[in-house]
Amino acid sequence: MARVFVYGTLKKGQPNYQHMINGTHGIAKFQGRGHTVQKYPLVITGKSNIPFLLNIPGTGHRVTGEIYSVDDQMLQFLDEFEGCPDMYQRTPVRIEVVEWEGKSTAPEERPAVNSIMECFVYSTTTYQPEWINLPYYDNYDSLGNHGLHYVLRESR
């Protein structure tokens, strides 16, 4: 199993969350919540108001999201869903645990709150230069007060 940190439309309560719990895509087990150790610019852009994490460590905010353990099948699905490696790139990023719900047989396998773990994150190094000037967010919500409502793929 691999650890994946999701910060956008794949989080609980967001428009693409159903893909995380759809067993036909593989297994994704919610483990907990966290935020990036380093700051990153999280922007919302395009006609469909897609959240993008720009791979510019040290700029922006510590981004909040959810940590999942996923099997190889789900990881492959997520790569395809995220347009990896063209639109997004899957890279390891250090995440600080804020809350942990993951079940483990051994207590020593439960990460402590404030501990650091490495998770795969879908971010991008291929973006329009003007995106760097967009507002940065620390916690994405498709219905947030930014007014930039996400457009589902099937509605594009």
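Phe52, Tyr88, Tyr127 and Trp131 form one aromatic cluster in this predicted model; rings of Phe, Tyr and Trp (its six-membered ring) are paired if their centres lie within 6.5 Å, with planes under 30 degrees apart taken as stacked, over 60 as edge-to-face and the rest as tilted. Residues are numbered from 1 along each chain as its sequence is written. The model being predicted, local features need pLDDT of at least 70 and side-chain atom pairs count only at pLDDT 80 or more, while totals for chains, interfaces and linings use all residues; side-chain values use heavy atoms, without hydrogens and water.

Five aromatic pairs are found in a search of the whole structure. Phenylalanine 30 and tyrosine 68 make an edge-to-face pair, 5.5 Å centre to centre and with 70 degrees between the planes. Phenylalanine 30 belongs to strand E2 and tyrosine 68 to strand E5 (residues 64–70), so this pair ties together parts that are 38 residues apart in sequence. Helices (H or I, at least four residues) and strands (E, at least two) are DSSP runs, numbered from the N terminus. Phenylalanine 30 is buried at a relative accessible area of 15%, and tyrosine 68 is buried at 1%; buried denotes under 20% relative accessible area, exposed over 50% and partly exposed in between (1.4 Å probe, protein chains only).

The pair of phenylalanine 52 and tryptophan 131 is tilted, at 4.6 Å centre to centre and 40 degrees between the planes. Because phenylalanine 52 lies in strand E4 and tryptophan 131 in the segment after strand E7 (116–123), the pair ties together parts 79 residues apart in sequence. Both phenylalanine 52 and tryptophan 131 are buried.

Two arginines are placed over aromatic rings, by the criterion that NZ of Lys or CZ of Arg is within 6 Å of the ring centre and within 35 degrees of the ring normal. The charged end of arginine 90 sits over the ring of phenylalanine 120, 4.7 Å from its centre. Arginine 153 lies over the face of phenylalanine 81, with a distance of 4.0 Å to the ring centre.

Histidine 25 is located in the loop between helix H1 (18–21) and strand E2 (28–36). With a relative accessibility of 16%, histidine 25 counts as buried. Apart from neighbours within four places in sequence, histidine 25 is in contact (heavy atoms within 4.5 Å) with His19, Gln73, Met74 and Phe77.
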